[in-house]
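Reader: Could you take me through one part of this model up close? I'd like to go over the places where the ligands sit.

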Amino acid sequence: MKTPIRVAVTGAAGQIGYSLVFRIASGAMFGPDQPLILHLIEAPIEKVMKALEGVAMELDDCAFPLLKGVVQTSDPAVGFTDANWCLMVGAKPRGPGMERADLLKDNGRIFIAQGQVIDAVAAADARVVVVGNPANTNCMIAASQAKRLPPECFTAMVRLDQNRAQTQLAIKAGADLTTVQNIFIYGNHSPTMFPAFAHATIGGQPATSIITDTAWLQGPFCETVGKRGAAIIAARGASSAASAANALVDHVRSLVTPGTIHSVAVKSNGNYGFDANVWAGMPVRTTTPGSYEVITSYAMDEFAKSKIAATNKELLDERAFVAELMAK
Ligand code: NAD
Ligand code: LMR
């Protein structure tokens, strides 16, 4: 039996949290032989903590063999102590008519405070994944507070966008989605993100040789993927939750599975022409569990370069907006 790992989840009683924690406890995230202890962290609000108690009761009632304990807390210093994985979901979602960047003022502060606590008390091998929006910039904010944990430990989720892009290509091609491969997301988790269709394959062939409608690829395809979050909000009256939780399971599962190539928002270090200090989506290959190397070999045509320049500019604008917050 492996030693249990500690997995901290913020916003555990929220919409994503409710779809997420049961899948983690079932083994979907870390595998069927990895026991774990869940640290459920919520806002210090009586009603919310009561709801969290209900979530913990339901976890008990599932009798998950891998679940070796549950910590419930509103104190991040308790919740992140010795955590091997810190899954930062807890943050406000946007409503109709808002962009994710509109959340920066409210949510940015959470990532300053929690970034400091994680750096102080989490396990030496801690990995941090940011889901709360705007995810890329919140991840940069949390990483900016760390003195002990290196920036590579902080990633933000663009996997939902990758999954969305994969399905849209499959529908257009009339192909099974498992045959769609190598579709990676560059840049911000926002409408400016770029799903790099020129590198995608369908059944081993270039996707562009099967979907020859370039106008569709450059226009409606990119737009549908980029604006899918808003479309879900318009339809559901609430932001995506089950698909976001599923994407987080995929993000972490891929990050603990050596050899997997997948889209992750990481500190760019200048790759693909992004500013070195923004967190941008790009393809990575998992090397050892929790670690990765960026795949830098994909060539970009003029269209791709212009899309990357636009999403990079948005990340820079968001960074400028929170510069004061990070400096305090
Ligand atoms: P929600 O409002 O249902 O749940 C958020 C939870 O976070 C609430 O229970 C709230 O009490 C809690 N919370 C707030 N501040 C906290 C704090 N300081 N510490 C701990 N918990 C705190 O929202 P949701 O639908 O679960 O969405 C959560 C976030 O995820 C939003 O910002 C949303 O926009 C984002 N999101 C990101 C993606 C992505 O692909 N990156 C996808 C979907 C949603
Ligand atoms: C999504 O992409 O579904 C989430 O980021 C929620 C949102 O605000 O769009």
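Let's start with ligand 2: which pocket does the space taken by ligand 2 correspond to?

Author: Keep in mind that this is a predicted model. The space that ligand 2 takes up is the largest pocket. Around ligand 2 you'll find Arg94, Arg100, Asn133, Leu160, Arg164, His189, Gly229, Ile233, Ser239 and Ser240. Sorted by class, that shell holds two nonpolar, five polar and three charged residues.

Now for the polar contacts. The side chain of Arg94 has an N or O atom 2.5 Å from an oxygen atom of ligand 2. Ser240 places a polar side-chain atom 2.6 Å from an oxygen atom of ligand 2, and for Arg164 the distance from a polar side-chain atom to a ligand 2 oxygen is 2.7 Å. Taken on its own, ligand 2 has 260 Å² of accessible area, and the protein covers 95% of that.

Where do these residues come from? Helices α6 (159-173) and α9 (228-236) each contribute at least two residues to the shell around ligand 2. On the domain level, ligand 2 lies between domain 1 (5-156) and domain 2 (159-318), because both of them give residues to its shell.

Backbone atoms show up in the contacts here. Lys92 has a backbone N or O atom 2.7 Å from an oxygen atom of ligand 1, while a polar backbone atom of Val131 is 3.2 Å from a nitrogen atom of ligand 1. Asn133 uses its side chain instead: an N or O atom there is 2.8 Å from a ligand 1 oxygen. Of the 860 Å² of accessible area ligand 1 has on its own, the protein covers 85%.

Methods
Residues are numbered from 1 along each chain as its sequence is written. Chains are lettered from A and ligands numbered from 1 in the order in which they are written. This is a predicted model: local features need pLDDT of at least 70, side-chain atom pairs count only at pLDDT 80 or more; totals for chains, interfaces and linings use all residues. Side-chain values use heavy atoms; hydrogens and water are left out. A residue is near a molecule or strand if one of its heavy atoms lies within 4 Å of it. A polar contact is a pair of N or O atoms within 3.5 Å; within protein, one must be able to donate a hydrogen and the other to accept it, and residues adjacent in sequence count only if both atoms are side-chain atoms. Accessible areas come from the Shrake-Rupley method with a 1.4 Å probe; for residues, only the protein chains shown count as cover. On a 1 Å grid over the protein atoms alone, a cavity is a set of points where a 1.4 Å probe fits but cannot get out, and a pocket is an open set with protein on both sides within 12 Å along at least five of seven lines; lining residues have an atom within 4 Å of a point. A molecule sits in a cavity or pocket if more than half of its atoms lie within 2 Å of its grid points. Helices (H or I, at least four residues) and strands (E, at least two) are DSSP runs, numbered from the N terminus. Ala, Val, Leu, Ile, Met, Phe, Trp, Tyr, Cys and Pro count as nonpolar, Asp, Glu, Lys and Arg as charged, and the others, Gly among them, as polar. Domain bounds come from an automatic or database domain assignment.
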